[in-house]
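Dear colleague,

Please find below the structure for your review. A summary of the findings follows it.

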Amino acid sequence: MMIRRLMIRNIRSYESLDLSFREGVTVVSGVNGSGKSSLLEACFTCLFGSKALDKEFVLSDIIRKGATRASIVLEFKQNDHDYYIEQTFRNDPEKGRASNTGAILKKDGVIIFDQASRTYEAVRSLLNMDEEAYRNCVYIRQGEIDVLINSKPRDRQKMIDDLLRLGRLEEYRERASSARVGVGRHQRDIGMRIREVTAEMQGIEDSRPAERLAELRSRSKDLGDSISSLNEKRDRALALKDGISKKIAQYRDLADKKSSVQSQIKELLEKKTSAYGRIGSLEKDIASRKEALDKTEGSAEELRSRLGVTADDIDAVILDLDSRERVARDRLSGISRDMAVHEKELSGLSSSLEDNKEQAGMLEKSLGLAEKKITAAEAEIRSIQELIEGARARWSEILSTIGDMGFTPEKLENIEEMFDLVNEQLKKLHGKEIEISVKIVDLKDRVKKSAELLDMGKCPTCGQDLHGSAVEETTREDLLREKELEGELSELKAKQEDLEVKLGRVKEARMHKIEIENITREISSLSDRIQIQEKLLEEYRSGIRDNEKKKEELILQKGFLEGSMKELESKISRLEQDAGEARKGHEASLELLRLARDLRRNLLEIDKGVSDISKMEETISGIREMISLFDSQAADKKAFLKDLDEQAGELDIAGLESRLRDYEIALKNINSEIGKLSTEKEGLAKQAGMVESEMKRLEDLQKMLDVLNNKAGFLDIVYGDAEGLEAMYMRVRAQLRSNYIGVLDALINEIFAFMYSNNAYSHIRLDHEYNLTVFEKDGTPLEPRLLSGGERAIFNLVLRCAIYRLLSLGMSGSGLPPLIMDEPTVFLDRGHVQQLIRLIDMMRDIGVGQILVVSHDESLIDSADHVFMVEKDPISNSSSIYAG
């Protein structure tokens, strides 16, 4: 695997970054806290998503403060294919919550997965390791360099087994073991079930179900015969009881008919009495109506006399009077409408005359106000012209000052670019000054430590003689480099002073440019104000001319309105006289029309009264005929009642009711006996059903027992297979571990011999439980944790590089990620740093295509193929990177 490109947006201190990687050793350097390790963390997170985070961190911790969205893109090549992974995140800065919103994996430009979980599994399969194996093999993080040495043997065994993919065999063995245990559990369950079924079958067979069933069926048949005999007796008793019941019902029907006929005779007598009462009431009503009719005829005769008409032509009279009333009403309404129109016109003219007077007054006020505004506008224009002259004088004075500074108006146009250029140069010099100062401090510290080592003569940890060694030569080189850097620092400070003076002049020119722009805007604004005032003057003068014309028009309008009002007042007076005469004629017509309508109403009442009296006399005649009919019906009913009495006398109702009670008692006794026998028969049927169920259960249990015996035989075979599979996985894992441990032990000692040039230690031993032991030259064994800090760091680097080499041998080196080291020089002195460089060179020489190292150590930087420098802006807290 070869990392080609890393793109970051809003991750840690990086707002935006696009970085390309090449083959060989790449060192990323910079001061502490600048953001070096964040690059490696971004690669790790892009590969494994949120699973790459430590337990004490959450996803929002890696997102830049205040950002709501972030992303990481990693491009790499493996097995001649180009891969592209993009992880996107959404963040809520207020709540401190973030989520992984997208995870895309492309192969040769084609999306193959776009879901976080599936992308994670694909990366695991592609690299043949998960995030934990990645940490333990290829990603040696700062502060975790000796995690393998300090871990417990069991944990170390699991880490290395997982890296060598032996953990998968252990997983398969555990699955086979779980399957074996599960099959054994099923075997026990099946055996217990077989015993339960056998016991239940034996219990049923001991109860002799066939014999019990035959006995129950015989008893049930005897009970059925007894029930049939009782049913025959019950049927005969029911037939006799039904005959008696019919005779009693016949008697009761005759009694009901007799009662009904008596009620009908009573009802006819009551109707006859009611009819005589109604005849008396109608005769009284006829007498009253005749008296009222005489009074109405007298009133009608009086109305005819007042109107001078006869009864035959009353409708024609009403039509004529109604027509005359309408004519009088229409004439009065027309006069009233004309008066209302003239009064409305008079009111409108009066209102218009008042408006005319009001408008004339407002025009006088408007003319006076316009004259005042003209005077004020002319004074404002003179004041503004004075301000413009003052601004032009200041503008000329500033131009003269700028000319003395060596700037022309044309140069001032580019003053912002000049300011940015000088400021950017100052920032770069400042950053370079900090970088050189840090390097000088590091060199002085290294020279001091090297001098102390040289004074001692030997390395305090490994005992190597230092006179004439690489440490002495490196110290001389560091002293020369320190002098060179101090010279460069002096030159940088001189350049900074010159640029600061130049920046001061540019800032002053910027201020003058701003003043000129402000004066120009001020003159332009004042000129605009003069134009506005001149426009206002023209508007005011035009308004005065318009108002003079309006004043003349209002005078003419006033004379016209006054003449029109006098003419309307004369018309209204004449209409009032005509309205009085029309109102009197209309009132007389209304009175005649009322008398005619009263006469017509009286005549109608007379006709209706005569008709009602005739109808009532006819009703009396009909009622008398109805009374005769009632007498005839009553006689018929009485004859029918006599016939019913004769029929009822032939039946002995008391004897019939006594015999009926006797038969009901006998039937009750028979039904009770039948019920008892039926209940007993049903009980026997239930017992027979239970016995049949037991026999059916016995058949089902036999079938179940056959199935359980077959399952037991099958489980015995499966148990043997699972047991054999578990043993096979254990043998294969033990054999592979033995092979890997032998190769890994050889690789560890090969790299160890290459790293250590002194005679302190002879070799390292790795046993089958992954316990590590270091042996001194005299054969004394030592635990690695008892070594010095630097030796433990080197020892762990040797172990991890040996594991990396073993994995690369199995994968032909193409599938492994680059070897990544984060601050590997921690705990290392100067001599051990040189040994680390030799180790990196060896890994590169044996075919590791890409090694990424984060460090600010000068020796590592000098030995790298590619160098990137990381800086952080203290103001924006943003990191940037450039090639060293």
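Is R844 buried, partly exposed or exposed? At 26% relative accessibility, R844 counts as partly exposed (buried means under 20% relative accessible area, exposed over 50%, partly exposed in between, with a 1.4 Å probe and protein chains only).

Two points on conventions come first. This is a predicted model, in which local features need pLDDT of at least 70 and side-chain atom pairs count only at pLDDT 80 or more, while totals for chains, interfaces and linings use all residues. Residues are numbered from 1 along each chain as its sequence is written, and side-chain values use heavy atoms, with hydrogens and water left out.

Salt bridges

The count of salt bridges comes to 26 (a side-chain nitrogen of Lys or Arg within 4 Å of a carboxyl oxygen of Asp or Glu). R844 and D865 form one of them, at 2.7 Å from N to O. This pair links distant parts of the chain, 21 residues apart: R844 lies in helix α14 (residues 830-845), and D865 lies in the loop between α15 (858-863) and β14 (866-873). Helices (H or I, at least four residues) and strands (E, at least two) are DSSP runs, numbered from the N terminus. D865 is partly exposed, with a relative accessible area of 40%.

The side chains of R12 and E41 also meet in a salt bridge, at 2.9 Å from N to O. R12 is in the loop between β1 and β2 (14-20), whereas E41 is in helix α1 (residues 36-48), 29 residues apart. R12 is partly exposed at 26%, and E41 is partly exposed at 21% relative accessibility.

A further salt bridge joins E378 and R541, whose closest N and O atoms are 3.0 Å apart. It connects helix α8 (residues 314-405), which holds E378, with helix α11 (residues 470-648), which holds R541, across 163 residues.

Strands

Strand β4 (residues 69-78) is mostly covered, with seven of its 10 residues buried. It runs antiparallel to strand β1 (residues 2-11), to which seven bridges join it (two strands pair if DSSP finds at least two bridges between them). Within this pairing, L6 has L74 as its bridge partner. Strand β4 is also joined by 10 bridges to strand β5 (residues 81-92), again antiparallel, and K77 is partnered there by D82. The hairpin of β4 and β5 has two residues between the strands, and N79 takes a positive phi near 50 degrees.

Nonpolar cores and surface

The largest nonpolar core has 105 residues, and those with the most contacts inside it include L6, F48 and Y134 (a core is a set of buried Ala, Val, Leu, Ile, Met, Phe, Trp, Tyr and Cys residues joined through side-chain atoms within 4.5 Å). Helix α13 (residues 789-811) supplies the largest share of this core, 12 residues. Apart from it lies another core, of 36 residues, among them I388 and L492.

Leaving aside neighbours within four places in sequence, F48 is in contact with residues including Y120, V123 and Y134 (contact means heavy atoms within 4.5 Å). T119, in helix α2 (residues 116-127), is buried, with a relative accessible area of 1%. Its contacts, not counting residues up to four places away in sequence, are A103, I104, L105, F113 and D114.

Yours sincerely
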